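This briefing is meant for a reader who is meeting the structure for the first time. It begins with the overall fold and then turns to individual residues.

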Amino acid sequence: MRYLHTMLRVRNLDAALKFYQDALGLKEVRRVDNDKAKFTLVFLCAAEDEGLLKQSKGRGAPLVELTYNWDEEKYGEDRYFGHLAYEVDDIYATCDRLMKLGITINRPPRDGQMAFVRSPDLHSIELLQKGDAKPPAEPWTSMPNTGHW
């Protein structure tokens, strides 16, 4: 068995791509527009996983699949999904960059190791420090949680 992808339904494809590509740095590697069934699939890959993707035989992996249904649907805010997790080189620099892009850090990296943000479609994204946790630092250690993740 081999992990392939996680599918996330999105309400606004442009807003979702701005978050996943521009803010998180994922790269679009494949797109399917289905005019008959009225949906678009966008497959994204983390930069450090591009080598794995190129080595994949058959279906590409590991990927995030954004599914955009052209006819508006109401998905609610069900939390059964859980979260996506990405390892980052510098948790503090990543969170600072995301904040400057207007993204709320729902769970700041007070421990120098873990933070959570949410996509425009309210999917939780866990950010984990690569290697050992960074030493506690401001403004993160005193920053409260915002909302839920």
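Two residues are said to be in contact, or to touch, when heavy atoms of theirs lie within 4.5 Å. The model shown here is a predicted one, and in it the secondary structure of the protein comes to three helices and eight strands.

**Overall shape and surface**

- The C-alpha trace of the protein spans about 50 × 35 × 25 Å when it is taken along the principal axes.
- Of the 149 residues in the protein, 38% are buried, while the accessible surface comes to about 8,900 Å², with carbon and sulfur atoms providing 50% of that area.
- When contacts between residues at least 6 apart in sequence are considered, 63% of them join residues that are at least 24 apart.
- The protein carries 21 positive and 23 negative side chains, and the centres of these two sets lie 3 Å apart.

**Helix H3 and its cover**

- Helix H3 covers residues 91-100, and its buried residues are Ile91, Tyr92, Thr94, Cys95 and Leu98. Seen down the axis of H3, these buried residues fall within an arc of 165°, so they line one face of the helix.
- The cover over the buried residues of H3 includes helix H1 (13-23) together with the strands E5 (83-88), E6 (105-107), E7 (114-118) and E8 (124-129).
- Leu98, which is found in helix H3, has a relative accessible area of 0% and is therefore buried.
- Apart from its neighbours within four places in sequence, Leu98 is in contact with Ala23, Leu24, Ile103, Ile105, Val117 and Leu127.
- Leu98 and Asp121, by their C-alpha atoms, are 16 Å apart in space and 23 residues apart in sequence.

**Ile105 in strand E6**

- Ile105 lies in strand E6, and its relative accessibility of 4% is below the 20% cut-off, so Ile105 counts as buried.
- If residues up to four places away in sequence are not counted, Ile105 touches Cys95, Leu98, Met99, Ala115, Phe116, Val117, Trp140 and Thr146.
- One of these partners, Cys95, is ten residues from Ile105 in sequence, and the two C-alpha atoms are 6.9 Å apart in space.

**His5 in strand E1**

- His5 is placed in strand E1, which covers residues 5-10, and with a relative accessible area of 33% His5 is partly exposed.
- The residues that His5 touches, when those up to four places away in sequence are not counted, are Phe43, Leu63 and Glu65.
- His5 and Leu44 are separated by 39 residues in sequence and by 9.3 Å in space, from C-alpha to C-alpha.

**The loop between E7 and E8**

- Ser119 is found in the loop between E7 and E8, and at 4% relative accessibility Ser119 counts as buried.
- Leaving out residues up to four places away in sequence, Ser119 touches Phe19 and Tyr20.
- Leu122 also has its place in the loop between E7 and E8, but at 31% relative accessibility Leu122 counts as partly exposed.
- The phi angle of Leu122 is near 70°, which is a positive value in a residue other than glycine.

**Backbone features elsewhere**

- Lys38 is found in the loop between strand E2 (27-34) and strand E3 (39-45), and it has a positive phi of about 60° although it is not a glycine.
- The relative accessible area of Lys38 is 40%, and Lys38 is accordingly partly exposed.
- The peptide bond that runs from Glu138 to Pro139 is cis, with omega near 5°, and the place of Pro139 is in the segment after E8.

Key:
Residues numbered from 1 in each chain as written. Predicted model: local features only at pLDDT ≥ 70, side-chain atom pairs only at ≥ 80, totals over all residues. Heavy atoms only, no water. Helix = DSSP H or I, 4+ residues; strand = E, 2+ residues; numbered from the N terminus. Buried < 20%, exposed > 50% of the residue type's maximum accessible area, 1.4 Å probe, protein only. Areas by Shrake-Rupley, 256 points an atom, 1.4 Å probe, with all protein chains shown as cover. Lys, Arg positive; Asp, Glu negative; His and termini not counted. Charge placed at Lys NZ, Arg CZ, Asp CG, Glu CD. Arc of directions from axis to C-beta.
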